[in-house]
Amino acid sequence: MGRWSLCHGDGYINTFIIYGLITNPETVIKRLETDLSKQTECLTSNLAIVNFNTSGFRLNNPGWADLKNAGPINIDSTSTMFEIVREKIKSKISPFSKNTNSFIRDYLDYIEVQVTKINISKPQNELFDQYDWIFSAWLPLTHTHILIDELNDKKPMEFAEFDLCYWTGQKILCINLGSSSSIIQSKQRKIDYLKKSNPLVEIITIPKNIILKKEKKFPSEFFDTDFKEFWNGLKIPLGPNQPPVLSQYFSDQSIK
Amino acid sequence: MSETLSKNMRLLDHNTLGGFGGVGEGMALQVTNKGKRVLWIAHEGPPKNFTGLDVTDPKNTRIICQTELKHQNMRSNSLEVTGDILAVAYQVYELGLEPAGVELFDVSDPENPKSIGFHSTAGPHSRGVHCLWFVDGEYVHIASGAPDFTPRHPRDDQIYQIIDVRNPSKMEEVGRWWYPGTREGDTEPLPERIIPEPLDELRGGDAFRLHNSNVYPERPDRAYLGYIDGGAFILDISNKSKPEVVSHWSPHNPYPGFTHTVMPLFERDLILVSDECIKDDAEDWPKLTWVLDARNEKNLVPISTLPLPPVEEFGHKGGRFGSHNLHENRPGPSFHSEEIIIGAFFNAGIRVYNLRNPYQPELIAYFVPPGPENSRVPTIQMNEVYVDENGIVYAGDRWAGGVYVMEMDI
């Protein structure tokens, strides 16, 4: 069975992120191994491979969800499409993870408010409105498992686990949602190893009392401007069902 | 069984409690203001009341206190400590005997516990308190008979009572609840026995009485009850004087009864329910620990059970085999996890499960020591387990083995 190294000689790093509703992340990698050996980046419904050259993952990225078959709904507005995206994201959260569910709910509400802050100048305002930018928001990869070791046949794969992460094109923002659970040694050891070995990783821990606050509010204070103003550097808003050619063109144009 | 079976657990110390190694269903950890760590241990039966074990160095534990019961016809099977207050349950072996109830001790000087209050539940139909829960310093939740409670069936005698202990010298009952139909005079019919036993045996298993009652600071308006053959109950206790049923779930029958612990995992909307094994040689197999989907607390749905080792391997080794006490995520110097579940399974020892996927709980560690000397049965009978905030596991053998101190490598 072919395997690949995470780190190349020049410091180029492929980070394998398994996410969504999965029971065994190793099976996801093994299942896709043949295809993966031909690629250095991808985004599928439960796997992402990122490196320094990978553009950030946004809601409008193809691959994470099949929105073409979103159901027998007339998608006649951006808000309807966003509702479908919202449901797709929710479908990747365990029903037994209240903290992740409430964080994602608050995040999606938050970005709806954020887009109202965008100034759109002519002639764009004749083509787009503010709400169209919503699909440029960062894509949450829930129940994140990041492969932490060399891929080889000799030992079981090991993964560092987080409640979710975002890939912004510069950093993998790994989010720990405060829990009252005592962290176990093996979990902490893997997180420490990842932090030490992968320069792309930044860990954000949001305390339990913030998560459990009764008012439904996204904890934006834990995120920087690049995260909050996700439209910066982009030329036009793109929807999630974009043709691949368009997607590639504007991806190349974006400022990382 | 002569050798230890273990996986990802290592014995740090073993203390037979001065030859009184029968451990009941109570273990609680106190950290004194001087940093001393004292594990308070309830005993399965007389002559000892409770033992204080200095576990500051978990590799070198030592008894610093061991007290005597008032007489030999009673036991103190359960205890809890909050801050420097120790609550001890007194249960008697014959109806009407005393002392039966709850005693509070000031253990700020753990070598010299001082009694600061007693609440009696003695009465003509009462055996006193079997189990108690005390984590907020204000209320003790007990499974007990009461002076004014007459059960229709002699074994339905322990009901849920909430005792206000804010003034230890004047404790008072502020609320109670019992399974409808179990009290003389109830309009509901007496619940049908799951596996009827002779009426002359007071300790028989076919009972609709309370075992554990858990109330957590995350939901002070909810009590989670293990009501033996009655199954699991969630009560609304926002008005303590009038508890009301929110929901009820029971696998009995066809399963053979004795719901013991009902433990919610609040961040995951899950509930664990253990059914205690009460018969030797797997006569009441299988005694399971159930995982319930509690997203809708009014409609609890079983989704899995914690996997037990093969009955053909453990069922006839001697003694009991199956579920019993769980580490209960109580507040204080206590391990808290909604993914790692630790339980005492009698002759299957202490077992640790990963519940990350609640549909498929996974055994990740266990420790099964040899049967202790002077035990009534040839196997270990792990009866109780407590895990501290550092992940050190304290487990007690029911008959003679005392306390086993372990660390987990998980």
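**View 1. B:Arg268 sits in the loop between strand E20 (259-265) and strand E21 (270-275) of chain B.** The model is predicted: local features need pLDDT of at least 70 and side-chain atom pairs pLDDT 80 or more, while totals for chains, interfaces and linings use all residues. Residues are numbered from 1 along each chain as its sequence is written, chains are lettered from A and ligands numbered from 1 in the order in which they are written, and side-chain values use heavy atoms, without hydrogens and water. Helices (H or I, at least four residues) and strands (E, at least two) are DSSP runs, numbered from the N terminus. B:Arg268 is buried but has no salt bridge; B:Glu339, the nearest side chain of opposite charge, is 5.0 Å away. Buried means under 20% relative accessible area, exposed over 50%, and partly exposed in between (1.4 Å probe, protein chains only). A salt bridge is a side-chain nitrogen of Lys or Arg within 4 Å of a carboxyl oxygen of Asp or Glu. For charge, Lys and Arg count as positive and Asp and Glu as negative; His and the chain ends are not counted. Leaving aside neighbours within four places in sequence, the contacts of B:Arg268 include A:Phe96, A:Lys98 and B:Glu338 (contact: heavy atoms within 4.5 Å).

**View 2. B:Arg330 forms a salt bridge with B:Glu80.** The closest N and O atoms are 2.5 Å apart. B:Arg330 lies in the loop between helix H1 (311-314) and strand E24 (340-344) of chain B, and B:Glu80 in strand E8 (residues 79-82) of chain B, so the pair ties together parts that are 250 residues apart in sequence. Both B:Arg330 and B:Glu80 are buried.

**View 3. B:Lys279 forms a salt bridge with B:Glu197.** Here the closest N and O atoms are 3.2 Å apart. B:Lys279 counts as partly exposed because its relative accessibility is 28%. B:Glu197 is partly exposed too, with a relative accessible area of 21%.

**View 4. An open sheet of seven strands in chain A has the order E2-E3-E1-E4-E5-E6-E7, with mixed pairing.** Strand E2 (42-43) and strand E7 (201-206) of chain A stand at the edges with a single partner strand each, so one side of each has no neighbour in the sheet. Two strands pair if DSSP finds at least two bridges between them. Strand E6 (residues 172-177) of chain A pairs with E7(A) in the parallel sense over six bridges. A:Ile172 has A:Val201 as its bridge partner in E7(A).
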